[in-house]
Amino acid sequence: MEKRENIERIIKKLEDEDELVRTQVMELLEEIGEAAVDPLIDALSHPNKLVRRGAARVLGNMKNPRAIKPLIKALSDDNKWVRREASTALSKMGEKAFKPLLKALKDDDWKVRGAAAWAIGNLKDERAVDSLIELLDDKSGFVRSGAAWALQNIGGEKVEAAMKRLKSEGSGFARRIASDYLEKK
């Protein structure tokens, strides 16, 4: 029990305003390894956003599959930087995170759908293409942009057809992604 308490004290240092201190703490937590996974998962619900963000980053670098579900839950965090870090962490998990991320594309929360799309874009898995194409019609601009960006990273014939439609019917950032994608073809 004493070891966990020590790890929790280290995790609390992620609150420090000094970025160098936070970076050193994250490196130390990675070195601790397996023993830090459960306390880091718990830290994803810490009141301080810096702690949640740091915990997500370390969990992503550790690539422990136990963190996948808690990181998916963190995609709905109120802080966009925590959501972004959780998305990045999930994209580092590879194949183990694919199915939970694919499921998250259908979540009721637009923040979760959008962040899942961005993470899947990093995984570049063609199995997500149809689900991502569906998201091009989402009510949320963040979700549409994430889906367009992910499709651009994945590529393929279905993606090209979707990008042509998006270029003529889309709006904002998603339309720009489609235009850029088609110009590179």
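This is a predicted model: local features need pLDDT of at least 70, side-chain atom pairs count only at pLDDT 80 or more; totals for chains, interfaces and linings use all residues.
## Handedness and the model

A crossing of two helices is left-handed if the near helix is turned anticlockwise from the far one by less than a right angle, and right-handed if the turn is clockwise.

## Helices α11 and α12

Helix α11, which covers residues 157-169, and helix α12, which covers residues 172-184, have axes that come within 8 Å and cross at roughly 130 degrees. An angle of that size makes α11 oblique to α12, and the crossing of α11 and α12 is left-handed.

On the α11 side, the residues that take part are Val159, Glu160, Met163, Lys164, Leu166, Lys167, Ser168 and Glu169, and they meet Ala174, Arg175, Ile177, Ala178, Ser179, Tyr181 and Leu182 of α12. Sorted by class, the residues in the contact of α11 with α12 are eight nonpolar, two polar and five charged.

## Helices α1 and α3

A second contact joins helix α1 (residues 2-12) and helix α3 (residues 34-43), where the axes come within 10 Å and cross at roughly 50 degrees. These two helices, α1 and α3, are therefore oblique to each other, and the crossing of α1 and α3 is right-handed.

From α1, the residues Lys3, Arg4, Ile7, Glu8 and Ile11 meet Ala35, Ala36, Asp38, Pro39, Leu40, Asp42 and Ala43 in α3. The contact of α1 with α3 is made up of seven nonpolar and five charged residues, with no polar ones.

## Aromatic rings

The model holds four aromatic pairs, counted by the distance between ring centres. One of them is formed by Trp118 and Phe142, whose rings are stacked, with 6.5 Å from centre to centre and 25 degrees between the planes. This pair links distant parts of the chain, since Trp118 belongs to helix α8 (residues 110-123) and Phe142 to helix α10 (residues 141-154), with the two residues 24 residues apart.

Definitions and conventions:
Residues are numbered from 1 along each chain as its sequence is written. Side-chain values use heavy atoms; hydrogens and water are left out. Axes are lines fitted to C-alpha atoms, for helices over the stretch in contact, and angles run from 0 to 180 degrees between N-to-C directions. Helices (H or I, at least four residues) and strands (E, at least two) are DSSP runs, numbered from the N terminus. Angles under 35 degrees count as roughly parallel, over 145 as roughly antiparallel, 65 to 115 as roughly perpendicular and the rest as oblique. Contact means heavy atoms within 4.5 Å. Ala, Val, Leu, Ile, Met, Phe, Trp, Tyr, Cys and Pro count as nonpolar, Asp, Glu, Lys and Arg as charged, and the others, Gly among them, as polar. Rings of Phe, Tyr and Trp (its six-membered ring) pair if their centres lie within 6.5 Å; planes under 30 degrees apart count as stacked, over 60 as edge-to-face and the rest as tilted.
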